[in-house]
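Dear colleague,

I am passing on the structure that we spoke about, and my notes on it follow below. Please read them with the coordinates open.

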Amino acid sequence: MQRWTGPHRERRRRGEEHPVQDFLFTYYSLRPARLEQWQPGPGIRLLGDVRDLAGRPGYRPEGAGVVLDAALLPDRLHRTAGFVHGLVAATAARPARYGCFGLHEWAMVYRTDRPRHGAVPLRLGPAGTDAVVETLPVTCTHHDAFRFFTAAARPLNRLQPTRRDQVALEQPGCLHATMDLYKWAYKLLPATPAELLGDCFALATEVRELDMRASPYDLADRGYPPVRIETPEGRAEYARAQQAFAERAAPLRARLLDLCTTLIECTNGTLVRT
């Protein structure tokens, strides 16, 4: 994880901001030090020097080692697992949609003189950006993207997603739903195996790059060539990348669902592996 946490710390030390790479550390709440911390997940017996783990919540002695016992974790974590399971299972069961073309980022700067990344220029300028939003269908299904739309852009969206609609609307083609697998993974800490958390984070970093390459911002000088979704070729490129990410996210959703099932159903003394 230091591949990402190290440069982030250096930028923060220098007082620099990065519109692409800092997102997973600023929008999401997990601290870099926690991301770097290894944990085995429930039911795995750890042998050897386990003094560091022995004092953590949920761990109990098991023979010559310790094991994270899901039954000993706080009730709030089991409730969170129930919500995450319901949301992720509903998302995985729906067909993916690939027709949004990343317009959520464009809708966030529509008819405003205060874009979120004010230090980064718009590729097409304000008028050209507004024209794209007005020309293409806006079909965002993700509440946490939609809530950042400008007031002028909200009525243009075919849906008006709210927090209450999240389980009913979320679908696996959405880039933000894929990035959010990282959020749901860390919401289940300390039960989440570090490998699952790291895999979700690593995929989210790639998804974020596409998210911003398809945005109205000009990031070419930072090494992010644009996906020009204002053109048919750019929209096709975006949809192909979106589909590839949805396919890569599917096994992560399955692993996350397995973890949720363990937290919901596991009882003391089960699922112990060395």
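The structure holds 20 salt bridges, a salt bridge being a side-chain nitrogen of Lys or Arg within 4 Å of a carboxyl oxygen of Asp or Glu. One of them joins Glu 134 to Arg 111, with the closest N and O atoms 3.0 Å apart. Because Glu 134 belongs to helix 7 (residues 125-135) while Arg 111 sits in the loop between helix 6 (103-107) and helix 7, this pair ties together parts that are 23 residues apart in sequence. Helices here are DSSP runs of H or I with at least four residues, strands are runs of E with at least two, and both are numbered from the N terminus.

Please bear in mind that this is a predicted model, in which local features need pLDDT of at least 70 and side-chain atom pairs count only at pLDDT 80 or more, whereas totals for chains, interfaces and linings use all residues. Residues are numbered from 1 along each chain as its sequence is written, and side-chain values use heavy atoms, with hydrogens and water left out.

Helix 12 (residues 232-265) packs with helix 11 (residues 194-213) at an angle of about 160°, their axes 11 Å apart; axes are lines fitted to C-alpha atoms, for helices over the stretch in contact, and angles run from 0 to 180 degrees between N-to-C directions. The two helices are therefore roughly antiparallel, a label for angles over 145 degrees, as roughly parallel is for those under 35, roughly perpendicular for 65 to 115 and oblique for the rest. In their contact (heavy atoms within 4.5 Å), the residues of helix 11 include Leu 203, Val 207 and Leu 210, and those of helix 12 include Phe 245, Leu 252 and Leu 256. By class, this contact has 12 nonpolar, one polar and seven charged residues, where Ala, Val, Leu, Ile, Met, Phe, Trp, Tyr, Cys and Pro count as nonpolar, Asp, Glu, Lys and Arg as charged, and the others, Gly among them, as polar.

Helix 10 (residues 175-187) also meets helix 12, their axes coming within 9 Å and crossing at roughly 25°, so that these two helices are roughly parallel. Among the residues in this contact are Leu 181 and Trp 184 from helix 10, and again Phe 245, Leu 252 and Leu 256 from helix 12. The contact divides into 10 nonpolar, two polar and one charged.

Finally, strand 1 (residues 59-62) and strand 2 (residues 65-68) run antiparallel and are joined by four bridges, pairing being taken as at least two DSSP bridges between strands. Glu 62 has Gly 65 as its bridge partner, and Gly 63, in the hairpin with two residues between the strands, takes a positive phi near 65°.
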